[in-house]
Amino acid sequence: MTRRLHLNAFLMTTGHHEASWRLPESNPYAGTDVEHFTNLARIAERGRFDSIFLADVPQLLDDVERRPGGGLEPITLLAVLAGATDHIGLIATASTSYNSPYNLSRRLASLDHISNGRAGWNIVTTATATAARNFGLTDLPAHETRYARAQEFVEVAQKLWDSWEDDVILADKAGGRWGDQRRIHPPAHQGEHFLVDGALDVPRSPQGYPLLVQAGSSEDGRVLAARFAEAVFTAQQTIAQAREFYDDLKARTAAAGRDPETIKILPGLVPVIGSTEAEALEKDRELAEAIVPRFAHRQLAETLKVPIEDLDLDRELPDGLLPEDQIEGAKSRYTLIVELARSERLTVRQLIARLGGGRGHRTFVGTPEQVASTIEDWFHGGAADGFNVMAPVLPSGLEDFVDQVVPILQRRGLFRTEYETSTLRGHYGLERPANQHLLQKVAAG
């Protein structure tokens, strides 16, 4: 079959640019406006996107003076969007550090039933000390501890999703038997981090498991992705960096005993689109000028773990920043920011402007044809299976991409013109996983 591009729309209130909320068109109350998200989901579905994605961190991010803060819990919101759409996949972030496997597996299985097989889970470990203190901890658990817990968490989730065989329900009214108890398989899991005894109280869902997504690019993140992930959201600034990540993760997936084609790698792309280059550059300039420097300056200092007075706005990053192995938070994002600043010799002020659109994801400013050609170059150049589209302003940025870029990709034979499957796994070219207990029965003869 012809290899096809995958597109996910990463939705964030008024858009990914931190100053997007200040534009005249923006709705400052978008974070809790269900109609806003319903409109975005329908725009993405009109563009035949594989999926939409809602991020989440269990804390109040940033100073609320800086940008819109707070928002709706994503699985709850996606349950509403499932009823407002027919085809598009629905991916939610949920933390393995601050959930229990039973409750989260139940919610995700429920979303998969509600959406008729369109649910996805972005597996994160949550890299902030603030979130840890919201859940009874005094500090952020060590990076390797969080990832060890995440590995066991996903193992338990899969046991729970498989605790019902597909044909448990008999619905035998005449015989008085609703289901076959012999086909229920309680996990009886006892591990380092979790004790989970009983079967899930939700029947096996249409997809078997929700699509498993992962977004960390550190060493531990790559190990987790190679074992479990079916789609990976990543941040890469150059095609060379993206190729390195792509080749490495595909090789790790094969080494883990999986077909590398079953993991789809989607770098983030922040497209600033204009009918001409000049128009696109003007949009980008308008957004950069709307950034409030004191907020972005403080955020960068917190990310880099340095005193704000050490970050002179008109000088390059100071020497002596912490090495990656001493960072317990978001290791891969820290490294990306430092390498971007060093490689392009950016001043702190310039770095803040570069990060304003996508927090380290690649921003591309240009015409629809130029955006489409960049996508095609990365797709055919061994750097991506698709893209995590992060519109800088919503809804206009997503509308521009759907109405102006998608038709070009379709004409070039890179992207679908109609949905061909009904499930999120189907959109990503993935099969429904067999129940592990059925596989054991087959193996036993």
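Helix H5 is largely enclosed by the rest of the structure, because 14 of its 19 residues are buried (under 20% relative accessible area; exposed is over 50%, partly exposed is in between; 1.4 Å probe, protein chains only). The model is predicted: local features need pLDDT of at least 70, side-chain atom pairs count only at pLDDT 80 or more, and totals for chains, interfaces and linings use all residues. Residues are numbered from 1 along each chain as its sequence is written, and side-chain values use heavy atoms, with hydrogens and water left out.

**Helix H5**

- H5 covers residues 143-161. Helices (H or I, at least four residues) and strands (E, at least two) are DSSP runs, numbered from the N terminus.
- At 1.5 Å a residue, its 19 residues should span 27 Å (1.5 Å times one less than the number of residues). The end C-alpha atoms are 27 Å apart, which agrees.

**Aromatic pairs**

- The whole structure holds 10 aromatic pairs (rings of Phe, Tyr and Trp, the last by its six-membered ring, with centres within 6.5 Å; planes under 30 degrees apart are stacked, over 60 edge-to-face, the rest tilted).
- Phe-153 and Phe-194 are edge-to-face, because their ring centres are 5.5 Å apart and their planes stand at 85°.
- Phe-153 lies in H5 and Phe-194 in the loop between strand S7 (189-190) and strand S8 (195-196), so the pair ties together parts that are 41 residues apart in sequence.
- Phe-153 is buried at 0% relative accessible area. Phe-194 is buried at 7%.
- Trp-164 and Trp-178 also pair edge-to-face, at 6.3 Å centre to centre and 85° between the planes.
- Trp-164 sits in the loop between H5 and strand S5 (169-172), and Trp-178 in strand S6 (residues 177-179), so this pair joins parts 14 residues apart in sequence.
- Trp-164 counts as buried at 12% relative accessibility, whereas Trp-178 counts as exposed at 52%.
- Ring pairs link Trp-121, Phe-153, Trp-161, Phe-194 and Tyr-209 into a cluster.

**Helices H2 and H3**

- The axes of H2 (residues 74-84) and H3 (residues 101-114) come within 9 Å and cross at roughly 10°. Axes are lines fitted to C-alpha atoms, for helices over the stretch in contact, and angles run from 0 to 180 degrees between N-to-C directions.
- H2 and H3 are therefore roughly parallel to each other (under 35 degrees; over 145 is roughly antiparallel, 65 to 115 roughly perpendicular, the rest oblique).
- From H2, the contact (heavy atoms within 4.5 Å) uses Ile-75, Leu-78, Ala-79 and Ala-82. H3 supplies Leu-104, Arg-107, Leu-108, Leu-111 and Ile-114.

- Glu-230 lies in the loop between helix H6 (219-228) and strand S10 (231-234). Glu-230 is buried at 13% relative accessible area.
- Beyond neighbours within four places in sequence, contacts of Glu-230 include Arg-258, Lys-264 and Arg-425.
- Pro-260 is in the loop between helix H7 (239-255) and strand S11 (264-273). Pro-260 is partly exposed at 25%.
- Pro-260 and Glu-230 are 30 residues apart in sequence and 9.5 Å apart in space, C-alpha to C-alpha.

**Backbone features**

- Most residues other than glycine have a negative phi, and most peptide bonds are trans.
- The Leu-394 to Pro-395 peptide bond is cis, with omega near 10°.
- Arg-48 has a positive phi of about 60° although it is not a glycine. Arg-48 lies in the loop between helix H1 (34-46) and strand S2 (51-54).
- Ala-171 has a positive phi near 50° and is in strand S5.
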